[in-house]
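Thank you all for coming.

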Amino acid sequence: MLRTSFLKSAATPALRQPMRHAIACSMIKPRNSLCFVGLQSKRLLSTSNVLCNDQLTVKESHKEATSLHHQETLEATSHLTRPGAVSTVPDMVRGDWVLFHPVYSPGELKAVEVLHRKANTLSDKLAYGLVKFARKTFDIVSGYRHPSGPPTPGMTIEELRKSGHALSAKQWLIRILFLESIAGVPGMVAATLRHLTSLRLMRRDSGWIHTCLEEAENERMHLMTFMTLQRPSILFRAMVLGAQGVFYNLFFLSYIFSPKACHRFVGYLEEEAVTTYTRCIEDLESGRIPEWTNEPAPEISIDYWRLEPNAKLLDVLYAVRSDETTHRFVNHSLANLNPATDVNPFALREPDMHVKGTKIEFNRSESEEYVKQSHELMRQSQP
């Protein structure tokens, strides 16, 4: 594989050195940031920089990622999600079956901006074109209309919906459920292929697998959350099955030939997701979705995002939009790296939403600098 002189130079060791075993990132980032919390061991970004001490326990990392109100809630509830459920892990804490827990501060939730990365290269233009084609196709299938102008002042909610200026709660759910059932595919495909490559070549993955798995899990939790609001029909499930079967195989083959183009495609796809959730939030806050005005947040979302016990569905939408913003930023940044040699800069920690929500990506030099900062933080955290 050909490399540019920049990639060959000695000025990029942070991105070219292999990473060791994974650790919990909560030791080096704020509690309200999106991080990986789990059963981990030490990991090195280089052969000389230890990321964390051996005394970090699962309980300590869990406390770093769990808000105070959730701890108080756990004291008053059972250990299982469903009382009386059978489990092979009797001491499992409710909500801890997932890979990580994104917890956002109020300021982070409001920091998200709708951004677009200009397609510069041929592969970028192809990826963006495919995303736009997929969106238009879904709009036609779902009956979504694009009104030619702004609504007339004084229109009722029913008139807004008939004219295509607003969607009903059911229409929003259909769009969200279909979007999330597809959005969970790329991360799992990428993680699977990189996992097999690591086994086949018998070398480390440099942290990419973890981030891809976290993305897939996060998108699946979005689907599980909105599934509690409405059970999809058999016809809808059949449409998802067909779309997923086609998309999985196409993305699988595409990732084999060009991982960078695939991550760019996902970055553009997440741009559309951020736009969708932003419009949904605006409609809900403006009173155009009265069915959801006082809708309480599903229990699964309170556990996952560590929301307040009295959280509403609007709080869930803000959290989901922040997740999609993270995927937008991460995938566009990964598309700027060499997937065969570069370290994933987000395997250890991620910027907060004030960065991810207002910046579309890290270029390669910024990713390298971010890895160096992680080195320094790890060194400072040592006793």
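This is a predicted model: local features need pLDDT of at least 70, side-chain atom pairs count only at pLDDT 80 or more; totals for chains, interfaces and linings use all residues.

Before anything else, a definition: when I say nonpolar core, I mean a set of buried Ala, Val, Leu, Ile, Met, Phe, Trp, Tyr and Cys residues joined through side-chain atoms within 4.5 Å, and buried means under 20% relative accessible area, with exposed being over 50% and partly exposed in between, using a 1.4 Å probe and protein chains only. Residues are numbered from 1 along each chain as its sequence is written, and side-chain values use heavy atoms, with hydrogens and water left out.

With that in place, the largest nonpolar core has 59 residues, and the ones with the most contacts inside it are F226, F251, F265, W292 and W305. Helices that each supply at least two residues to this core include α6 (122-142), α9 (185-201), α10 (208-227) and α13 (299-305); helices here are DSSP runs of H or I with at least four residues, strands are runs of E with at least two, and both are numbered from the N terminus. The helix that gives the most to this core is α12, with 11 residues. Apart from this core lies another one, of 8 residues, among them V330, L334, L337 and Y370. To return to W305, this residue touches P102, V103, Y104, H222, T225, V316, A319, V320 and D323, where residues up to four places away in sequence are not counted and contact means heavy atoms within 4.5 Å.

Let me turn to the aromatic rings. A pair of aromatic rings is described by the distance of the centres and the angle of the planes. Rings of Phe, Tyr and Trp (its six-membered ring) pair if their centres lie within 6.5 Å, and planes under 30 degrees apart count as stacked, over 60 as edge-to-face and the rest as tilted. By this rule the count comes to 15 aromatic pairs. One of them, F251 with Y255, is tilted, at 6.1 Å centre to centre and with 35° between the planes. These two residues are 4 apart in helix α11 (residues 234-257), and therefore separated by about one helical turn, and both F251 and Y255 are buried. F346 and Y370 also form a tilted pair, because their ring centres are 6.1 Å apart and their planes stand at 50°. Since F346 lies in the loop between α14 and α15 (353-356) whereas Y370 lies in helix α16 (residues 364-381), this pair ties together parts that are 24 residues apart in sequence. Both F346 and Y370 are buried. The ring of Y370 also has the charged end of R349 sitting over it, 4.1 Å from its centre, the rule being that NZ of Lys or CZ of Arg is within 6 Å of the ring centre and within 35 degrees of the ring normal.

Now to the record. An unreviewed UniProt entry places the feature "transmembrane region" at residues 172-193 and 234-257; UniProt positions are given in the numbering used here, feature names are shortened, and annotations may be inferred rather than shown by experiment. In the model, residues 172-193 are 95% helix and 0% strand, with end C-alpha atoms 33 Å apart, while residues 234-257 are 100% helix and 0% strand, with end C-alpha atoms 35 Å apart.

Which residues does UniProt list for "binding site"? The unreviewed entry gives E219, E270, E324 and H327. They span 109 residues in sequence, yet no two of their C-alpha atoms are more than 10.9 Å apart, so they gather at one spot. E270 sits in helix α12 (residues 259-285) and counts as buried at 2% relative accessibility. Leaving aside neighbours within four places in sequence, E270 is in contact with E219, E324, H327 and R328. E324, found in helix α14 (residues 313-334), is buried as well, with a relative accessible area of 1%. With the sequence neighbours within four places again left aside, the contacts of E324 are E180, E219, H222, E270, A273, V274 and Y277.
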